[in-house]
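Have the sequence and the coordinates at hand.

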Amino acid sequence: MTLVRFNTQPTYQSLLDNLFFNPTRSAGNCEPSVNIYNSENSFVIELAVPGYAKEEFNISLEQQTLKITAEARKTEVSDDKFLRRDFSLNGVDRSFVLPKNIDTENINADFRDGILRISLPRKQETIVKKEISIS
């Protein structure tokens, strides 16, 4: 049996991809799996980063780019002793270009059970409404 991914909202998904996708990433570091979703008043980014502690992460914002990094860790077992090696802690380096309507002063992060969760609150949009007289 072949499983085919079915996307019920292709337009919405491509919109989120365009908002957060950044093609420039560093080679050599791990790009952990990420979930991005839209809640009522914010966007939420969740990164799966098991094996790290919250103190090891550096989250920075420059212009409209959110950058999440963690240093690589050395294993206590030498490489020649491994019989199988499917994962390692090579460091984390992910960047996201944020939309302009993010309230950058109120971004917050939480780390629990190997999931780094970053909440990106949206600014309240101000609607300018004004009547213009004709002269």
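Two strands count as paired if DSSP finds at least two bridges between them. The model is a predicted one.

Start with a hairpin. Strands β6 and β7 form it, with two residues between them. Asp 113 sits in the turn and has a positive phi of about 55 degrees. β6 covers residues 108-112 and pairs with β7 in the antiparallel sense over five bridges. Arg 112 lies opposite Ile 115 in β7.

β7 also pairs with β2 (residues 42-48), antiparallel, through seven bridges. There, Phe 43 faces Leu 120 of β7. Strand β7 spans residues 115-121 and is mostly covered, with five of its seven residues buried.

These strands belong to an open sheet of four strands, in the order β1-β2-β7-β6, with antiparallel pairing. Its edge strands are β1 (34-38) and β6, each of which pairs on one side only. From one strand to the next, the twist averages 15 degrees.

Another pairing involves β4 and β5. Strand β4 (residues 65-70) runs antiparallel to β5. Thr 65 has Val 97 in β5 as its bridge partner. Five of the six residues of β5 (residues 92-97) are buried, so this strand is largely enclosed by the rest of the structure. Buried here means under 20% relative accessible area.

| Strand pair | Bridges |
|---|---|
| β2 and β7 | seven bridges |
| β4 and β5 | six bridges |
| β6 and β7 | five bridges |

In general, strands of a sheet pair through backbone hydrogen bonds, either parallel or antiparallel.

Key
Residues are numbered from 1 along each chain as its sequence is written. This is a predicted model: local features need pLDDT of at least 70, side-chain atom pairs count only at pLDDT 80 or more; totals for chains, interfaces and linings use all residues. Side-chain values use heavy atoms; hydrogens and water are left out. Buried means under 20% relative accessible area, exposed over 50%, partly exposed in between (1.4 Å probe, protein chains only). Axes are lines fitted to C-alpha atoms, for helices over the stretch in contact, and angles run from 0 to 180 degrees between N-to-C directions.
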